[in-house]
Amino acid sequence: VIVAGAELFTGNNLLVMAWADRKISTLELLRSWVIVCIGNFIGALGLALLVFLSHHPELNNGAIGREYLQIAAAKIAMPFWTAFFRGVLCNALVCLAVWMALAGRSVVDKVVAIVVPISAFVAAGFEHSVANMYFIPMAMLLQQYGDVDAAPAITWMGFLHNLLPVLLGNIVGGSV
């Protein structure tokens, strides 16, 4: 995303800096967030469908699919404030990675700059709204159409129960 110049909702939270400097209006800030968030959601759903159709989750005798379901079930069961603060911590690291990558002059500089902060949020289990836009719908596809063992019901309401606090946390973490 950083090297190709694409837009990701979490990195886009850095637009708060332009808003604070009065270079963009509140309406422009919110418009950007909404458009990028919707675009990321459409892209995440498309990727989930492609991965599902590739039968990738069936590898290793379905262990990958079962892991998707277990992780998604844990995400949707997470209490609001836990998801919120994990979202804050995640996007503080994501925006640190974006900020560091902006200092890079070459592709290698940019890649090296993002490795540690991104690896840290993934390893720590922090919550990334765009990743969850892929992950939880993927688990729903597996639950609905896949050949995997039963797991707790993963629903659109559960998805929203996770996404709302994570989005808010990502906004706080990326904006502050």
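# A walk from a loop to the core

Asn60 sits in the loop that joins helix 3 to helix 4 (helices are DSSP runs of H or I with at least four residues, strands runs of E with at least two, numbered from the N terminus). What you have on screen is a predicted model, so local features need pLDDT of at least 70 and side-chain atom pairs count only at pLDDT 80 or more, while totals for chains, interfaces and linings use all residues. Residues are numbered from 1 along each chain as its sequence is written, and side-chain values use heavy atoms, with hydrogens and water left out.

At 45% relative accessibility, His55 counts as partly exposed.

Now step into helix 3. Leu30 lies in this helix and is partly exposed, at 44% relative accessibility.

What does helix 3 meet when it comes up against helix 8? From helix 3, the residues making the contact are Trp33, Cys37, Phe41 and Leu45; from helix 8, they are Trp156, Phe159, Leu167, Ile171 and Ser175 (contact means heavy atoms within 4.5 Å). The axes of helix 3 and helix 8 come within 14 Å and cross at roughly 135° (axes are lines fitted to C-alpha atoms, for helices over the stretch in contact, with angles from 0 to 180 degrees between N-to-C directions). That angle makes helix 3 oblique to helix 8 (under 35 degrees is roughly parallel, over 145 roughly antiparallel, 65 to 115 roughly perpendicular, the rest oblique).

Helix 5 (residues 80-103) and helix 6 (residues 107-124) give you another pair to look at: their axes come within 8 Å and cross at roughly 175°. Helix 5 and helix 6 are therefore roughly antiparallel to each other. On the helix 5 side, the residues in this contact are Cys90, Leu93, Val94, Leu96, Ala97, Met100, Ala101 and Leu102. They meet Lys110, Ala113, Ile114, Pro117, Ile118, Ala120 and Phe121 of helix 6.

Next, head back to helix 1 (residues 9-12), where you'll find Thr10. Is Thr10 buried or exposed? Thr10 is buried, with a relative accessible area of 0%. Its side chain makes a polar contact with the side chain of His128, at 3.0 Å (a pair of N or O atoms within 3.5 Å; within protein one must be able to donate a hydrogen and the other to accept it, and residues adjacent in sequence count only if both atoms are side-chain atoms). Setting aside neighbours within four places in sequence, Thr10 is in contact with Asn91, Val94, Cys95, His128, Ser129 and Asn170.

Asn12 is in helix 1 too, and with a relative accessible area of 5% Asn12 is buried. The side chain of Asn12 makes a polar contact with the side chain of Glu7, at 2.6 Å. Residues up to four places away aside, Asn12 touches Glu7, Ser32, Trp33 and Val36. Asn12 and Asn40 are 28 residues apart in sequence, with 11 Å from C-alpha to C-alpha.

Finally, the core. The largest nonpolar core has 28 residues, and those with the most contacts inside it are Phe9, Tyr68, Met133, Tyr134, Ile136, Met138 and Ile154 (such a core is a set of buried Ala, Val, Leu, Ile, Met, Phe, Trp, Tyr and Cys residues joined through side-chain atoms within 4.5 Å). Helix 3 (26-53), helix 4 (63-77), helix 7 (129-145) and helix 8 (156-175) are the elements that give two or more residues to this core. Helix 7 gives the most, with 10 residues. Zoom in on Met138: neighbours within four places in sequence aside, Met138 is in contact with Ala48, Val51, Phe52, Pro57 and Tyr68.

Technical notes:
Buried means under 20% relative accessible area, exposed over 50%, partly exposed in between (1.4 Å probe, protein chains only).
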